[in-house]
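Try each task before reading its solution.

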Amino acid sequence: MNLAVDIGNTRTKMGVFDQSALSTVFTFDTSESAVLKDMMDGFDIQRVIISSTIDLPDYLSGITLKAEKNIILSETTPLPFLNQYASKNSLGKDRLALVAAAHARFPHQNNLVIGCGTCITFNFINNRDEFLGGSIHPGLKMRLLAMHTFTGKLPLIELENKAELIGNDTKTNLLSGVLLAASKEIDGMIDEYLVKFPQMNIIITGGDADLLVSRLKKEIFAIPNLTLMGLNHILEYNA
């Protein structure tokens, strides 16, 4: 069995795969000291791939030392597609995983993958299996925090799945300015891509995707755990 580990700034997700089939997902705060031994009981983990935005936690060593193959995803890891990104050493590994997942699901097609996490990223791979890059935008919580941080009196509010065009108090004004504006921003970016690539799959994923997908005007694929699937695809490619 394969284990894919995606360590983000605030949240860690681990997926157990039987070849390409995702069987189990674990999610916990990155700051927690996970007891992997207990979590992995019953799974015969033979291969591991790890993508991390921080230094690797010590608790992973117990799993990686036992596995037959370990991959720490980096800019030198062989990929199942051609990476044309100019500054590969500064490219987020989660973005590589998203592109890999699109390549696995829709090979040799134009794919736009939108990741909605701490940042909102657009990631484009063309029908020649070339990852060309995309764009990086502030995420939803980041927008709320920025308006609180860089003003004197705007409060910091919790992100809620509720927004109207015309908010009638400060909280609803902030939510409208974040949720509705981000949705219009994503719609506008998709329109620009469709001008250049009329035949294109559009995929959205990430922790905040549910807050946005119902507000988008385009029909798109909303796929959970896409990063884990992409990591497993890279692991299988290197098997």
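**Exercise 1. Check the span of helix α5 (residues 170-196) against its number of residues.**

Step 1: α5 has 27 residues, and at 1.5 Å a residue they should span 39 Å; the expected span is 1.5 Å times one less than the number of residues.
Step 2: The end C-alpha atoms of α5 are 39 Å apart, which agrees.
Step 3: Now look at the buried residues (buried means under 20% relative accessible area, exposed over 50%, partly exposed in between, with a 1.4 Å probe and protein chains only). In α5 they include Leu174, Leu175, Val178, Leu179, Ala182, Ile186 and Ile190.
Step 4: The cover over these buried residues includes strands β7 (111-116), β8 (119-125), β9 (130-138) and β10 (201-205), together with helices α4 (140-149) and α6 (209-213). Helices (H or I, at least four residues) and strands (E, at least two) are DSSP runs, numbered from the N terminus.

A word on the source: this is a predicted model, in which local features need pLDDT of at least 70 and side-chain atom pairs count only at pLDDT 80 or more, while totals for chains, interfaces and linings use all residues. Residues are numbered from 1 along each chain as its sequence is written, and side-chain values use heavy atoms, with hydrogens and water left out.

**Exercise 2. Describe the surroundings of Cys116.**

Step 1: Find Cys116 in strand β7.
Step 2: Its relative accessibility is 1%, so Cys116 counts as buried.
Step 3: List its contacts (heavy atoms within 4.5 Å). Not counting residues up to four places away in sequence, Cys116 touches Ile204, Thr205, Gly206, Gly207, Asp208, Ala209 and Leu212.

**Exercise 3. Work out how α3 (residues 93-105) and α7 (residues 226-237) pack.**

Step 1: Begin with α3, whose 13 residues reach 19 Å from first C-alpha to last, close to the 18 Å expected.
Step 2: Of these 13 residues, 10 are buried, so α3 is largely enclosed by the rest of the structure.
Step 3: The axes of α3 and α7 are 7 Å apart, at an angle of about 80°. Axes are lines fitted to C-alpha atoms, for helices over the stretch in contact, and angles run from 0 to 180 degrees between N-to-C directions.
Step 4: The two helices are therefore roughly perpendicular, a label for angles of 65 to 115 degrees (under 35 is roughly parallel, over 145 roughly antiparallel, the rest oblique).
Step 5: Among the residues that meet are Leu96, Ala97 and Ala100 in α3 and Met229, Leu231 and Ile234 in α7.
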